[in-house]
Amino acid sequence: MNNRTAYILHAARGPILLITVGVLFALHQADILRFSLTWPILIIVVGVMKLLERTAPRPFAGTPPFAPPYPGQYPQQPPYPPPPPPDPGAGSYRASGPGAPYPGGNPK
């Protein structure tokens, strides 16, 4: 078993229990077996699922369940270029002060 087995067993617990309950109710509805006689099967199924989950190997802490198998599988992206230097006149007091020329002419 690999590291993904524990995740698969954990994810399959609910659907397996739901299928088991459905089968037991179908047997009850068809008058084959009464639910009062078959409910211990639910306890057995839960015990078997817990046993399988505990025997499955656990992944190392911090390892995602679907990590790439080896480093370097995906190409590295180049680093982003540095931003351009700011314009020295933009946003300064002189360029936007009261004596600065108006871009569309001098309004009156």
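Four helices and zero strands make up the secondary structure of the protein, and the order along the sequence is α-α-α-α. The model is predicted. Of the 108 residues in the protein, 11% are buried. The accessible surface amounts to about 9400 Å², and carbon and sulfur atoms account for 68% of that area. Among contacts between residues at least 6 apart in sequence, 67% connect residues at least 24 apart.

Several residues of helix H1, which spans residues 4-29, were examined individually. Thr20 belongs to this helix and has a relative accessible area of 14%. Thr20 is therefore classed as buried, since the limit for that class is under 20%. The side chain of Thr20 comes to 2.8 Å from the backbone oxygen of Ile16. When residues up to four places away in sequence are not counted, Thr20 is in contact with Ile41, Leu42 and Val45. Ala12 is also placed in helix H1. With 23% relative accessibility, Ala12 counts as partly exposed. The C-alpha atoms of Ala12 and Met49 are 9.0 Å apart in space, although 37 residues separate the two in sequence.

The count of salt bridges is two. One of them joins the side chains of Arg13 and Glu53, with an N to O distance of 3.1 Å. This pair links distant parts of the chain, as Arg13 is in helix H1 and Glu53 is in helix H3, 40 residues apart. The two partners fall into separate accessibility classes: Arg13 is partly exposed at 23%, whereas Glu53 is buried at 7%. The other salt bridge is formed by Asp31 and Arg34. In this pair the closest N and O atoms lie 3.3 Å apart. Asp31 has a relative accessibility of 58% and so counts as exposed, while Arg34, at 40%, counts as partly exposed.

Leu52 is located in helix H3, which runs over residues 40-55. The relative accessibility of Leu52 is 38%, which means that this residue counts as partly exposed.

Conventions: Residues are numbered from 1 along each chain as its sequence is written. This is a predicted model: local features need pLDDT of at least 70, side-chain atom pairs count only at pLDDT 80 or more; totals for chains, interfaces and linings use all residues. Side-chain values use heavy atoms; hydrogens and water are left out. Helices (H or I, at least four residues) and strands (E, at least two) are DSSP runs, numbered from the N terminus. Buried means under 20% relative accessible area, exposed over 50%, partly exposed in between (1.4 Å probe, protein chains only). A polar contact is a pair of N or O atoms within 3.5 Å; within protein, one must be able to donate a hydrogen and the other to accept it, and residues adjacent in sequence count only if both atoms are side-chain atoms. Contact means heavy atoms within 4.5 Å. Accessible areas come from the Shrake-Rupley method with a 1.4 Å probe; for residues, only the protein chains shown count as cover. A salt bridge is a side-chain nitrogen of Lys or Arg within 4 Å of a carboxyl oxygen of Asp or Glu.
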